Amino acid sequence: MNKEILDICGKLIPPAYILQGSQARTSHENKIKQLFQHASKSFFNGWDEQTVELLLQELAVMDSNNFPGNCGVGEREGRIASSLVARRHYRLCHGIGRSGDITAVQPKAAGSSVVMKVANNLVLDAIKLSGIHSAASCFVVPMATGMALVLCMLTMKLKRPNAKYVLWPRIDQKSCYKSMVTAGLEPVVIENLLVGDELTTNISSIKNKIKDLGAENILCIMTTTSCFTPRVPDRLEEIGIICKENNIPHLVNNAYGLQSSKCTHLIQQAARVGRVDAVVQSLDKNFMVPVGGAIIAGFDKGFIEEIGKSYPGRASASPSLDIFITLLSLGSQGYKKLLKDRKEMFTYLSTSLSGCATKFGERLLQTKNNPISLGITLTLENDPKGEKATEIGSMLFTRFVSGTRVVAPGKDSEVSGHVFKNFGSHSDNYPTAYLTAAAAIGITKSDVDLFIGRLEKVLTKLKQKTSTPNIESGQNQML
């Protein structure tokens, strides 16, 4: 309320009470003022829900669909049939961007445009806080990681129209391979090297492919940071140097790597000593918001702006609104605590999973360079096709354990015309079946304890099911 309205209210009830209420509102408004003046400084202490909602309501009345007496005669006027849908979006209904640039301001939607701009600023602060200190620019796109990678490659294609190959150290995630095919490019799969239990980047093979194909014919090298064990993050620094020396763009798939200081350090170092053109990461995997958004970031502000201008048409504001609310609610301290807790839970999961594996004659895979995903061997008797191993995954899922992966040798899969041998293992010849679990952001000690307890019951049941019953004692070892 402005001063005039407050003065009128002071004639209805004692002015002292109005003053007290006004001071309370001013405390909310000071936070909002600080946000607009210094976004990075405001991203320090988390806001209460009342302040966040007050801001959203104030911004919503700035959009034309909420103007009193507004007369809209166009084809896109922010009309919403369901009041439930309108409330779900805080009546910010125009989306973000314009037809020529996803980061452009909309004349009809000043409030939504403010949300978009501030959300991008807050996300850039979070990226720097996570360890990519030199990031110059970023923006949120209403697409998951795979399509965000497509947008980056199509923008690169504008600058390198004759290039058609993408060098890609193998990671068995279908969306990664399909992103290159969808962009009209030809993926060149670089098989990984097995070093101990780890699968790591084959640098020599990358260099040889550049010689064979010619650097000018290669659109980019797409590397990966976050991935399922036994795959570990690519050797980004070495690849960054190769890209710089050969003038080849470098695109980093950092899907859920923002939550890992190791992954962000690799990106920062690769940009420092070599070349990194764009980094793509998921919103839901790093910030615990609904699926449907990604962040495109980079070290050259001009190139990131070019990617934004390549996005055709306007875009949904939902992912921007989700991350806007989340980061204001968490604050930098809250997000830093989530990162710290995740790292501690990784250690706890590693110890717990190792103990469980040893108890059943298995072992923890030694993949020290993967900071998020862990795995244990599944060396079950009489299981050459991995049928018993994959049964473990099904048994866990029916016991409400989600997120684990069981990979057994022998499963081939065709993805957009390319056949991957032993799909899921990131290798044609990984020597053992295994189960993976991840210590991702938001995981709790209770999650780990429940998982280990249920895994032990499943392994006990499976081991007893496949062993010979003790006839002499008459004991039935089935659970």
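This is a predicted model: local features need pLDDT of at least 70, side-chain atom pairs count only at pLDDT 80 or more; totals for chains, interfaces and linings use all residues.

Residues are numbered from 1 along each chain as its sequence is written, and side-chain values use heavy atoms, with hydrogens and water left out.

**Exercise 1. Find the residues that UniProt lists together with Arg 98 for "binding site", and work out how they are arranged in space.**

Step 1. The unreviewed UniProt entry lists Arg 98, Ser 99, Gln 106 and Arg 314 under this label. UniProt positions are given in the numbering used here, feature names are shortened, and annotations may be inferred rather than shown by experiment.

Step 2. These residues are spread over 217 residues of sequence, yet they cluster in space, with a largest C-alpha distance of 9.8 Å.

Step 3. Now place Arg 98: look in the loop between α5 (83-88) and α6 (110-130). Helices (H or I, at least four residues) and strands (E, at least two) are DSSP runs, numbered from the N terminus.

Step 4. List the contacts of Arg 98 (heavy atoms within 4.5 Å). Leaving aside neighbours within four places in sequence, Arg 98 is in contact with Ala 104, Val 105, Gln 106, Pro 107, Gly 313 and Arg 314.

**Exercise 2. Decide whether Gln 106 is buried or exposed, and find what its side chain reaches.**

Step 1. Use the cut-offs: buried means under 20% relative accessible area, exposed over 50%, and partly exposed in between (1.4 Å probe, protein chains only).

Step 2. Gln 106 has a relative accessible area of 2%, so this residue is buried. Arg 98, at 38%, is partly exposed.

Step 3. Gln 106 also lies in the loop between α5 and α6. Its side chain reaches the backbone oxygen of Gly 97 at 3.1 Å.

**Exercise 3. Locate Arg 76 and name the side chain that it meets in a polar contact.**

Step 1. UniProt, again in an unreviewed entry, lists Arg 76 for "binding site".

Step 2. Arg 76 sits in the loop between α4 (49-60) and α5. Its relative accessibility is 22%, so Arg 76 counts as partly exposed.

Step 3. Not counting residues up to four places away in sequence, Arg 76 touches His 94, Gln 106, Lys 108 and Arg 314.

Step 4. The side chains of Arg 76 and His 94 are joined by a polar contact of 2.9 Å. Such a contact is a pair of N or O atoms within 3.5 Å; within protein, one must be able to donate a hydrogen and the other to accept it, and residues adjacent in sequence count only if both atoms are side-chain atoms.

**Exercise 4. Count the salt bridges, then examine the pairs Lys 3 with Asp 7 and Glu 191 with Arg 170.**

Step 1. Apply the rule: a side-chain nitrogen of Lys or Arg within 4 Å of a carboxyl oxygen of Asp or Glu. The count comes to 17 salt bridges.

Step 2. Lys 3 and Asp 7 meet at 3.0 Å, N to O. They are about one helical turn apart because 4 residues separate them in helix α1 (residues 3-9).

Step 3. For Glu 191 and Arg 170, the N to O value is 3.1 Å. This pair links distant parts of the chain, 21 residues apart: Glu 191 is in the loop between β3 (186-190) and β4 (193-195), and Arg 170 is in the loop between β2 (165-169) and α8 (174-182).

Step 4. Follow the network: salt bridges link Arg 170, Asp 172, Glu 191 and Asp 428. Arg 170 is buried, at 0%, whereas Glu 191 is partly exposed, at 29%.

Terms used: Contact means heavy atoms within 4.5 Å.
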